[in-house]
Amino acid sequence: GEKGNKGSSGDSGSHGSKGLQGLPGAPGLAGLKGDKGSAGEKGNKGSSGDSGSHGSKGLQGLPGAPGLAGLKGDKGSEGAKGEKGRSDDSELRLTEQLRSLKEQLSTLQDNFNKYKKALIFSIGKEVGRKLFVTNGLEYEYESAKRMCSEAGGVIAAPRNAIENRALQEIVLKHNKRAFLGITDQGTEGVFMYPTGERITYTNWFPNEPNDYKGNEDCTELFSEGKWNDATCTDKRIAICEF
């Protein structure tokens, strides 16, 4: 048949019994950090612990500073006086030795003078305390310089007209031009002695030195006694000065 009308609501039923406790909810967010609490009271001092075992022996320390000097000791007793020495014999021996040395020195001096005279007569000239010597052989300048140096001298460099004349006589004897120890190798146009001093005496030919072709740094001595600047690789006789 046809659907009937909806009936009216019935009375509310009585409350049922308490249901079971639900599951715990999720943890809440952390709260704000609280204020720092006041310091607690200082506790009592703890008792000392047991002593540890002895460690290994350490390295020896540095030596200490020297102590103060001790007091000066008493003066010792004087020793026995020795016997008087005999001086007569020793003085005589010393006198005899001195006399013998003087004789030997005199003999050596005589022999040296004879040798020097023979040397000067044959291959050299003596001017004052200088001795000019040559072997008559020709060398390039550097070789001549080295040879004289190894012999204990230097290439001859006249410092006055007398020395220049002595060197000229050697040149005339050998009929060969000679190198002089005078160059401007250090600074063009500034001629120096082997000792590094600027020359104080000259005897150049007219219009010399001219540094021909820009390659003449050494000095040669002609038989006329005049000087000319020359190439250092030329060969000239070497006259050594002692």
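Contact here means heavy atoms within 4.5 Å. The model is predicted.

**Thr219**
- Thr219 sits in strand β7, which spans residues 218-221.
- Buried means under 20% relative accessible area, so Thr219, at 0% relative accessibility, counts as buried.
- Leaving aside residues up to four places away in sequence, Thr219 touches Ala178, Phe179, Leu180, Ile182, Phe191, Trp204, Trp227, Asn228 and Asp229.

**Helix α3**
- Helix α3 runs over residues 161-174 and has 14 residues.
- From first C-alpha to last, α3 reaches 20 Å, close to the 20 Å expected at 1.5 Å a residue.
- At the N-terminal end, α3 is capped by Asn160, with a side-chain oxygen 3.1 Å from the backbone nitrogen of Ile162.
- Just after α3, Asn175 has a positive phi of about 55 degrees.
- The buried residues in α3 are Glu163, Asn164, Ala166, Leu167, Gln168, Ile170 and Val171.
- Cover for these buried residues includes strands β1 (124-127), β2 (130-139), β4 (178-180), β7, β8 (227-230) and β9 (236-241).

- Leu94 belongs to helix α1, which covers residues 88-123.
- An α-helix has 3.6 residues a turn, so residues three or four places apart point the same way.

How values were computed
Residues are numbered from 1 along each chain as its sequence is written. This is a predicted model: local features need pLDDT of at least 70, side-chain atom pairs count only at pLDDT 80 or more; totals for chains, interfaces and linings use all residues. Side-chain values use heavy atoms; hydrogens and water are left out. Helices (H or I, at least four residues) and strands (E, at least two) are DSSP runs, numbered from the N terminus. Buried means under 20% relative accessible area, exposed over 50%, partly exposed in between (1.4 Å probe, protein chains only). The expected span of a helix is 1.5 Å times one less than its number of residues. A polar contact is a pair of N or O atoms within 3.5 Å; within protein, one must be able to donate a hydrogen and the other to accept it, and residues adjacent in sequence count only if both atoms are side-chain atoms.
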